[in-house]
Structures are given as C-alpha cells and as structure tokens.
Amino acid sequence: FRASAMFNGTNGISGSTLRNISSVERLAVGYYKCNFATAMSDTNYGVKGCANPTSGSGYGTVIMVLERTTAYFTFYVKTGATTTTFDVDYIYVEVS
C-alpha cells in the first residue's frame, strides 16, 4: 500500500499512526481529510477502510470517499442504513 492512517475520530483526531500521511483533519462530524506527506503521482488510487465505534449502534458502518486529489483525499463515516455521519473511536484507511 502507498499510504495508511489509523486514528481515533472522536473529540478531534488523536492516537494517530500515519504512513505517508502528514496529517488528518476532522472537517465536520464524521467527515475527514487525509493529507499526503508525499503527493500521489495521479488520482488513480484506491482508498479502503473500516470504522468501528466502541459503543452504540455501529453495525453496518461504512466509509465513503468523497474526493481524491494528488495531495489529499476526503471521506465520511456513516451507518449504511442512514445518511447521518458520525464520529467513531477507531478509523483505519489505506491507499493502494
């Protein structure tokens, strides 16, 4: 993989483990931006990930990528059954 991030998405960004990602920003509830440390050569990359809350109704949680650029990508976290975004305790994303 070309980049990855593992972080706590609740109460801001904490406990980050980053590989070729210089920073993770919380743009709004459940909405995040990952900035690359070294830019991608093009936007033909894939992003996959998982999100897992430690409590509450997190079953069917999905990560939806909204924007991919050579400098960053944005995504949101939501429950598959709703359109409501939310913050979760554990988020992992990987770029390949």
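Me: Start with Phe36. Does it count as buried or exposed?
Reply: This is a predicted model. Buried means under 20% relative accessible area. Phe36 has 7% relative accessibility, so it counts as buried.

Me: Which aromatic pair does Phe36 form with Phe73, and what is its geometry?
Reply: Ring planes under 30 degrees apart count as stacked, over 60 as edge-to-face, and the rest as tilted. The pair of Phe36 and Phe73 is tilted, with 45 degrees between the planes and 5.8 Å centre to centre. Phe36 lies in strand β4 (residues 31–36) and Phe73 in strand β7 (residues 72–79), so the pair ties together parts that are 37 residues apart in sequence. Phe73 is buried too, at 0% relative accessibility.

Me: How many aromatic pairs does the structure hold, and which residues do ring pairs link into a cluster?
Reply: There are five aromatic pairs. The cluster takes in Phe7, Tyr32, Phe36, Tyr45, Phe73 and Phe75.

Me: Which charged residues lie over the face of a ring?
Reply: Take two cases. Arg19 lies over the face of Phe1, 4.5 Å from the ring centre. Arg68 lies over the face of Tyr45, at 5.7 Å from the ring centre.

Me: Now the core. Which residues of the largest nonpolar core touch the most other members?
Reply: That core has 20 residues. Ile21, Phe36, Phe73, Phe75, Val77, Ile91 and Val93 touch the most other members. Strands β1 (3–8), β3 (21–28), β4, β7 and β8 (90–95) each supply at least two residues of this core.

Me: What does Ile21 touch beyond four places away in sequence?
Reply: Its contacts are Ala3, Ser4, Ala5, Cys34, Asn35, Phe36, Ala37 and Phe73.

Me: And Ser22: where is it, and what does it touch?
Reply: Ser22 is in strand β3. At 45% relative accessibility, Ser22 counts as partly exposed. Leaving out residues up to four places away in sequence, Ser22 touches Asn35, Phe36 and Ala37. Its C-alpha atom is separated by 16 Å from that of Asn8, 14 residues apart along the chain.

Me: On to charges. How many salt bridges are there?
Reply: Side chains of opposite charge can pair when their charged atoms come close. The count here comes to two salt bridges. In one of them, Asp87 pairs with Arg26, and the closest N and O atoms are 2.7 Å apart. Asp87 lies in the loop between β7 and β8 and Arg26 in strand β3, so the pair ties together parts that are 61 residues apart in sequence. Asp87 is partly exposed, with a relative accessible area of 21%. Arg26 is partly exposed as well, at 35% relative accessibility.

Me: Which residue forms a salt bridge with Lys48?
Reply: Glu94 does, with the closest N and O atoms 3.6 Å apart. Lys48 is in strand β5 (residues 47–52) and Glu94 in strand β8, 46 residues apart. Glu94 counts as buried, at 13% relative accessibility.

Me: Why does Lys33 have no salt bridge?
Reply: A salt bridge needs a side-chain nitrogen of Lys or Arg within 4 Å of a carboxyl oxygen of Asp or Glu. For Lys33, the nearest side chain of opposite charge, Glu25, is 4.2 Å away, so there is no salt bridge. Lys33 sits in strand β4. Beyond four places in sequence, Lys33 touches Ser23, Val24, Glu25, Leu27, Tyr72, Phe73 and Thr74.

Notes. Residues numbered from 1 in each chain as written. Predicted model: local features only at pLDDT ≥ 70, side-chain atom pairs only at ≥ 80, totals over all residues. Heavy atoms only, no water. Phe/Tyr/Trp six-rings, centres within 6.5 Å; stacked < 30°, edge-to-face > 60°. Helix = DSSP H or I, 4+ residues; strand = E, 2+ residues; numbered from the N terminus. Buried < 20%, exposed > 50% of the residue type's maximum accessible area, 1.4 Å probe, protein only. Lys NZ or Arg CZ within 6 Å of the ring centre and 35° of its normal. Lys, Arg positive; Asp, Glu negative; His and termini not counted. Contact = heavy atoms within 4.5 Å. Core = buried A, V, L, I, M, F, W, Y, C linked by side-chain atoms within 4.5 Å.
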